[in-house]
Every structure is written in C-alpha cells, then in structure tokens.
Amino acid sequence: MDENYAADKGVFNAGAEFQRRERKDLGSVTEAARDIPVFAHTDVLVVGGGPAGTTAAVAAARLGADVILAERYNHLGGLSTGGLVIWIDRMTDWQGDLVIRGMGEELLDRLPDDAIFGPQKADWGSRDETLAHEWSRRHSAFHGTVTWAPMIDPEWLKLESLKMVLGAKIELLLHSWVVAPLVEDGKAVGAILESKEGRVAVRAKAVVDTTGDGDMFVRAGEGYEGDIDTDNIHHCANTASLLSGVDVHKWFAWQDQNPDLYKDFMKRGREATKHFILPFAGWRNDVVCFMGPRFSGFDVLKIDDLTHLEILSRESLVELLNFYRQHAPGFENAWIMLTGPQLGARHSRRLKGWGRMTGDVTKTGHILADEIGVSPSLGPNIPNVSVPYGALVPDSVDNMLVAGRHISSDAQTHTFMREIPQCWMTGHAAGVAAALSANSGTRPRDLAVPDIQSALIKQGAYVRTEPTQ
Ligand SMILES: Cc1cc2nc3c(=O)[nH]c(=O)nc-3n(C[C@H](O)[C@H](O)[C@H](O)COP(=O)(O)OP(=O)(O)OC[C@H]3O[C@@H](n4cnc5c(N)ncnc54)[C@H](O)[C@@H]3O)c2cc1C
C-alpha cells in the first residue's frame, strides 16, 4: 500500500517497525487428561456476546429454544460497546430505506433519546446539500446522501443488550472464556469453558460461533481464510478511545470559518505526531472518539502483537491528546474518558464455509435463493447485496453455525460484512437456524430455507423470498 495514501486514511504500517520477540522452540509440556464437570445442558449454545452473538441468542430464544450465551468479558456488545466502536455503520440503502431490520433495529430503538444521535427518519435518503454536508462530518451522509448510521452511547447499548437477553430468558454466562468446542461424530455438541471455577462443559444441540475470530469453528477443524484487501482498512487493528470535555460545536464552527487554518492544522498534526488522525464526533457534543490510529501489519491472534497494539494505541492517544489540546479549538479541556476495554480487531480468520460471499456476486444485485438478509452496498451505483445462508454454515462439522465478522466471504466482501449492522443481521439468521435445527433435530444444512426466511420475517427481519438467480 502507498504509505502516503495510507497515512491520509489514518492507516499506519506500524507492524513493519515492530521488533517482535523471537519465540524459540522451548519444547512442550503435557497437560494431564482430566474429567470436566458438565455445567449445563441447553438447546443452543452461543459463544461470544458481541453484536452477532447477542442477536443470535435472542433470535433462538424467541423461537422457544433454551439458550446459553457465553462471553469472556463482563458485558455484551463486543466491539460495539467494549471496543468503543460507537459509530453504527449504514443500515439504509441509497434510497433511504432501512434494509438492516429486525434485531439490530430493535436494539437501536430501545436506546433512550440521549444515547443515540443521527438524522431523523424523514431525512434518510435525502440529497439536500446542506443536510448532507452537516451529516457527512458526523458520518451519517455519504456520496451526498443522508443515511441512518448513528452514534451511540456504548454503556446504554450494553444495558439494553443485557435487558434484551435477560428478557428472552437466556442463561447468560459472563467471565467465561470458551476454549474448545465439543465435537462428536462430526457434530458440535457443546463446548468447554475456562472460568474462575476452572474448566466446565456445556452440552448443546447446536453451537453458534460468534467469537469474531472463529475460535469454535477453527478448533472444530474447519478451514479458514486470512488474506486481506490491502487497499482497505478492514485488516487494521487498534484500541479505540473516548475523549470528553470537548466542545464539538466549537470545533466544527472553527473548521467552517477557517478552512485555511484547518488545512494547516492537519499538516502540522501530521508533522508533530507520529500517528495523526481525526476524531469522530460522539453521541454527545462533549464526547469524541478516536477509532484509530489504524495499525496494519499485526496478527491479532498473537499475544505479542496484541500486547504491542495496546501499548502503541495508548502512546498514540497521549500524543494526539496533547496536540489537540494545544491546537484544536474545542479541545482545550479535553480529557481521556476511556480506552477500549476490548482491543479492536477488525479481521483475523474467515470461515471457509458451505457457501461463500464473493465480490463478483455481491455486486450483481441478484436475490439469492438462500437469502437471509440484505446489506446496503458500498456505493450508490451498486445494488443492495443479498446475503446467503450458506455463508453461515461450516463445510463439514454439523450442528454449528457461524455469524459476525468471520462469516465465509472473500476479503473484499469482508470489508463491509464485518460492520456492526451486518453482524446483527447474520447473528439474527444464525440464531434462527440454530433454534430450528435444535428444535427439529435437523442438520443446519438440511433446514428448509423458506422456514428460516419465514421465521426471520416474523421476527422483523427484511428478507426477499423471490430469488432472481
Ligand atoms: C477500531 C474499529 C473500528 C470499527 N469501526 C466500525 C464502524 O465505524 N462501524 C461499524 O459498524 N463497524 C465498525 N467496526 C467493525 C465492527 O465493530 C466489528 O466487526 C463487529 O463488532 C463484529 O461483531 P462480532 O459480533 O462479529 O464480533 P465482536 O464485536 O468482536 O464480538 C465478539 C465477542 O465474542 C467474545 N469472545 C471472543 N472469543 C471468545 C471466546 N473464546 N469465549 C468467549 N467469548 C469470546 C468477545 O469478547 C466479544 O464480546 C470497527 C471495528 C474496529 C475494530
């Protein structure tokens, strides 16, 4: 990637400079075999309580399945809360129609008015220049079109996710790191968790992998892909942060009134700091989010890389804070409110599934026979994207479903299917399929697609049932 182009996008190839500690082969130890107590039996075990896991669990429970949702941290929402990814990407298409509906829509509707900020519904799809300019700097207008892509308060999203999960009578296991799936005769039958109680097992009729990194499907022996699109930011990683004490109105007004000074500010920022980036205005006018600097060249599955990313993100934040306090009107009293409790991994592994989303098909606008949802496309000249059920189904292990940022796709398609609304959507579909599979004893790949579609539609999802291909 061209480094100047990359730096303009807030992408920094810090991985190239990282002096990785050489890890020699130091031999191995043998862990003694042991019996693991069975902690619970359930119909559906959902592993990972991020956007995809939350909607999967709720969807399955609302179809009458007993559901256990296991999450390694102390909250729900994954990167959309603990990762401080407070900007929910576009849920409307270029006409302003809401295409990502159902569970994700419900989650946003549950947020109190002061915990979400975005354009009003009447303006979605508007091409009014003034409106589009105003919303574009709050990341809710693209290509001159106002869209529904709001900023949210991560603490309220955690709370409403929790209420939705508890309201659906799901058994929630927090502080539970799931270490391995249980696979018998080619079927997923539960998983083993590590916890302060030690290791325990959960037995289940269906397992949904929503870990984001494919922890379950990889350990069940499924294949995966890890190639990246180097022209896109989808492979970058960093820990995001929130600043408070900011006056966003003052910051925007200064930019409008002083375009030359603003240009100069950007130039000086790039000279004075190693990883200069612009902040995202938050859901309140005294909060901004640094969703970067985006670091490339790291492997988010390696302890040393993850550790270094945490250090680098915090060092960069202090540099940015000092520069902004001194030079950015509106930031004089800024202070660090929070650094992300979860490291922001945009990409690690993607399932090699029964089906696969690929750039050539996603751009055709065809409605696929196994559509389980519709994604907005990347540009106004590209039609809406039909999301296939096959991309959620592993190639060989049965009774397992996969949803979220590690579904089966090529790298190009991952760039948008990893976004939070798309993860809500695939989670919703995987939860429905897991419940139908567990309730009927049918393998996920043998489920009748119309049954999945009609259950999704009853739960408020947008699915088109007349294929064009
Ligand atoms: C810095 C950054 C900026 C981004 N910007 C945007 C944006 O502006 N808009 C947007 O829509 N999207 C954005 N994204 C993408 C989006 O946030 C993620 O792709 C999305 O949250 C993925 O959802 P998920 O449910 O698949 O996984 P995650 O959000 O990663 O959730 C996975 C959950 O599983 C848990 N887990 C993982 N492994 C285990 C295990 N073994 N046992 C138990 N629990 C486990 C994790 O703790 C986590 O809670 C961004 C991502 C990053 C990193």
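Let's start with the domain contact: 14 residues of domain 1 touch 18 residues of domain 2, contact meaning heavy atoms within 4.5 Å. This is a predicted model; local features need pLDDT of at least 70, side-chain atom pairs count only at pLDDT 80 or more, and totals for chains, interfaces and linings use all residues. Numbering runs from 1 along each chain as its sequence is written, and side-chain values use heavy atoms, with hydrogens and water left out.

Domain 1 is 38-111 + 155-231 + 348-458, and domain 2 is 236-345. Those bounds come from an automatic or database domain assignment. Over C-alpha atoms, the two centres lie 30 Å apart.

Next, the second largest pocket. A pocket here is an open set of points on a 1 Å grid over the protein atoms alone, where a 1.4 Å probe fits, with protein on both sides within 12 Å along at least five of seven lines; lining residues have an atom within 4 Å of a point. Its volume is about 200 Å³, meaning space filled by probe spheres set on the points. Each of domain 1 and domain 2 gives at least three residues to the lining. Among the lining residues are Y224, H235, D299 and R349.

Last, two helices, both DSSP runs (H or I, at least four residues). Helix α7 (248-257) packs on helix α8 (259-272) at about 110 degrees, axes 5 Å apart. Axes are lines fitted to C-alpha atoms over the stretch in contact, and angles run from 0 to 180 degrees between N-to-C directions. So α7 is roughly perpendicular to α8, a label for 65 to 115 degrees.

Terms used: Angles under 35 degrees count as roughly parallel, over 145 as roughly antiparallel, 65 to 115 as roughly perpendicular and the rest as oblique.
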